[in-house]
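User: I've got a model open and want a quick tour. Can you walk me through it?

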Amino acid sequence: MPSLPAPDYPAEVRERLAADAKEVIDRYPDSRSALLPLLHLVQAEEGHVTRTGMRFCAETLGLTIAEVTAVATFYTMYRREPGGEYQVGVCTNTLCAVMGGDAIFEGLRRHLGVDNGGTTPDGKVTLEHVECNAACDFAPVVMVNWEFFDNQTVESAKALVDDLRAGRPAEPTRGAPLCTFRETSRILAGFPDPRPGAVEASGGAGPASLAGLRLAKGEHAPRVGPPRSAPVQDEGPAPHHEEGEG
């Protein structure tokens, strides 16, 4: 393969990554199918996908840099610039926006003093808009390193990022306990989460997500939202008045 315009990893780092990459590649009948987890692997190494990381993926899988770059720049889960230890994503798609997502993002932008994609000076938090995370029944949703913080408000979101920056515990509404962005990337590469109890804590869908399924099965589904007002009874067509009548 021709020399690429990117430095290589130090020998000891490349050796370690090569061993991890082989473990990933061996899971697939076609090695190029391992590109997505390998991009997570190199992201776990440096906190974002660097030119060196793309060179490693290309050389390991026998791909061109163009092929690797096309994938790395398509998926938003791959950072292309250095970022914070915690990636705080605010969903601003339709339902979350209507329920307060836009206000949350603006509140955090002002509170942290960064714009979309910006990182706080202490390197702790990167703020960004995120697309729908399929959690509309818990809107508005904030995600930290892809873990859910449901039913947020401007004030609760501010308290969340303050805890992250101060090193205080921040517990997701559901799912596994938080870990750093690099640790998350390694897990997404397909390696086990070594933290005691983390896998068991990951759980599944919340009650609001399962209410429709339970109703479809004929089961009683407890109400998970505010009660609605009684429907207006149809009393038939309005009475007809002749012209000139009151």
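Predicted model: local features only at pLDDT ≥ 70, side-chain atom pairs only at ≥ 80, totals over all residues.

User: Which residues of H1 are buried?
Analyst: Val13, Leu17, Asp20, Ala21, Val24 and Ile25 are the buried residues of H1. Buried means under 20% relative accessible area, exposed means over 50%, and partly exposed is in between (1.4 Å probe, protein chains only). Helices are DSSP runs of H or I with at least four residues, strands are runs of E with at least two, and both are numbered from the N terminus.

User: Why do they sit on the same side of H1?
Analyst: Because they cover an arc of only 135° around the axis. The arc is that of the directions from the helix axis to the C-beta atoms.

User: And which exposed residues are on the face turned away?
Analyst: Ala11, Glu12, Glu15 and Lys22.

User: What do the buried ones pack against?
Analyst: The buried residues of H1 pack against H2, H3 and helix H7 (181-188). Contact here means heavy atoms within 4.5 Å.

User: How many residues are in the largest nonpolar core?
Analyst: It has 25 residues. Leu35, Leu38, Leu39, Val49, Cys57, Leu61 and Val68 have the most contacts inside it. At least two residues of this core come from each of helix H1 (11-25), H2, helix H3 (51-61) and helix H4 (65-72). Such a core is a set of buried Ala, Val, Leu, Ile, Met, Phe, Trp, Tyr and Cys residues joined through side-chain atoms within 4.5 Å.

User: What does Leu61 touch?
Analyst: Ile25, Ser31, Ala34, Leu35 and Leu38, leaving out residues up to four places away in sequence.

User: Switching to His40. Buried or exposed?
Analyst: His40 counts as buried because its relative accessibility is 9%. His40 is in helix H2 (residues 35-46). Beyond neighbours within four places in sequence, His40 contacts Met77, Tyr78, Ser185, Leu188 and Ala189.

User: Last one: what lines the largest cavity?
Analyst: Gln87, Gly89, Glu128, Val130, Met143, Asn145 and Trp146. Strand S1 (86-91) and strand S2 (125-130) each supply at least two lining residues. On a 1 Å grid over the protein atoms alone, a cavity is a set of points where a 1.4 Å probe fits but cannot get out, and lining residues have an atom within 4 Å of a point.

Technical notes: Residues numbered from 1 in each chain as written. Heavy atoms only, no water. 1 Å grid on protein atoms, 1.4 Å probe; cavity = no way out; pocket = protein on both sides within 12 Å on 5 of 7 lines; lining within 4 Å.
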